[in-house]
Amino acid sequence: MPQIPETIHELTVGQLSARSGAAVSALHFYEAKGLISSRRTSGNQRRYSRDALRRVAFVRAAQRVGIPLATIRDALAELPEERTPNHDDWARLSRAWRSELDVRIQQLGRLRDHLTECIGCGCLSLETCVLSNPDDVFGDRMTGSSLLPERLVPAGRDTAAPDTGETAPDSAGTAATEAGA
């Protein structure tokens, strides 16, 4: 990693890219999204203050754990612009994200625990799959990945039966009667 002398207080986009490991196009994207900022020289070249190195490192670390860019931008807006953010600044931001990360960890744990079952089964059933339909509270009444309006069904017709005039079999495989449907 190239070293930049301490006497240089501003970095070119190439220097920032080399030091941070982020592509120049990523740095331009971060700037367009308001995550970092630069000033323009008289020759219209970008110059970044040295604190942009920590900001880029923060953005990349937050992205790796799935924090949305809008949330990252809001967090960076709370940091001081006149100085490099210090340990206390970063600690304050990380405390704010702790509960969000805990929820993500739980979701990933559930995915890990049930993924083998899904791969082995292969169904990805919208009715019963804990991956495609987690925490299903309506599963006792209806199926589907989203709550759709219930249709009115004429008396004596099973909602699962195709429109063939036949009655659908019940779970035991026998035909349901009108009274039992």
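This section describes the fold, a helix packing, the aromatic pairs and selected residues of a predicted model.

The protein contains 5 helices and 3 strands. Along the sequence, these elements follow the order β-α-α-β-β-α-α-α. Of the 181 residues, 24% count as buried. Among contacts with a separation of 6 or more, 43% join residues 24 or more positions apart.

Two packed helices are described by the angle between their axes and the distance between the axes. Helix α1 spans residues 13-20 and helix α2 spans residues 24-32. The two pack at an angle of about 105°, and their axes are 9 Å apart. Helix α1 is therefore roughly perpendicular to α2, because angles of 65 to 115 degrees fall in that class. On the α1 side, the contact is made by Val13, Leu16, Ser17 and Ser20. Helix α2 contributes Val24, Leu27 and His28. By class, the contact of α1 with α2 has 4 nonpolar and 3 polar residues. No charged residues take part in this contact.

Ser17 illustrates the α1 side of this packing. The residue is found in helix α1. Its relative accessible area is 15%, so Ser17 is buried; the cut-off for burial is under 20%. Not counting residues up to four places away in sequence, Ser17 touches Ala22, Ala23, Val24 and Leu27. Val24 and Leu27 also belong to the α2 side of the helix contact.

A search of the whole structure finds 2 aromatic pairs. A pair of aromatic rings is described by the distance of the centres and the angle of the planes. Phe29 and Tyr30 form a tilted pair. Their ring centres are 6.4 Å apart, with 55° between the planes. Phe29 has 38% relative accessibility and so counts as partly exposed. Tyr30 has 6% relative accessibility and so counts as buried.

The other pair is formed by Phe58 and Trp97. These rings are stacked, at 5.3 Å centre to centre and 20° between the planes. Phe58 lies in helix α3 (residues 52-64), whereas Trp97 lies in helix α5 (residues 87-121). The pair therefore ties together parts that are 39 residues apart in sequence. Phe58 counts as buried, at 13% relative accessibility. Trp97 also counts as buried, at 10% relative accessibility.

Helix α4 covers residues 69-77 and includes Leu69. Leu69 has a relative accessible area of 22% and is thus partly exposed. Leaving aside neighbours within four places in sequence, Leu69 is in contact with Phe29, Leu35 and Gln63. Phe29 is also a member of the tilted aromatic pair. The C-alpha atoms of Leu69 and Gly34 are separated by 9.6 Å. These two residues lie 35 residues apart along the chain.

The buried residues of α4 are Ile72, Ala75 and Leu76. Seen down the axis of α4, they fall within an arc of 95°, so they line one face of the helix. An α-helix has 3.6 residues a turn, so residues three or four places apart point the same way.

Asn44 lies in a loop. The loop runs between strands β2 (39-40) and β3 (46-49). Phi of Asn44 is near 65°. This is a positive value in a residue other than glycine.

Technical notes:
Residues are numbered from 1 along each chain as its sequence is written. This is a predicted model: local features need pLDDT of at least 70, side-chain atom pairs count only at pLDDT 80 or more; totals for chains, interfaces and linings use all residues. Side-chain values use heavy atoms; hydrogens and water are left out. Axes are lines fitted to C-alpha atoms, for helices over the stretch in contact, and angles run from 0 to 180 degrees between N-to-C directions. Helices (H or I, at least four residues) and strands (E, at least two) are DSSP runs, numbered from the N terminus. Angles under 35 degrees count as roughly parallel, over 145 as roughly antiparallel, 65 to 115 as roughly perpendicular and the rest as oblique. Contact means heavy atoms within 4.5 Å. Ala, Val, Leu, Ile, Met, Phe, Trp, Tyr, Cys and Pro count as nonpolar, Asp, Glu, Lys and Arg as charged, and the others, Gly among them, as polar. Rings of Phe, Tyr and Trp (its six-membered ring) pair if their centres lie within 6.5 Å; planes under 30 degrees apart count as stacked, over 60 as edge-to-face and the rest as tilted. Buried means under 20% relative accessible area, exposed over 50%, partly exposed in between (1.4 Å probe, protein chains only). The arc is that of the directions from the helix axis to the C-beta atoms.
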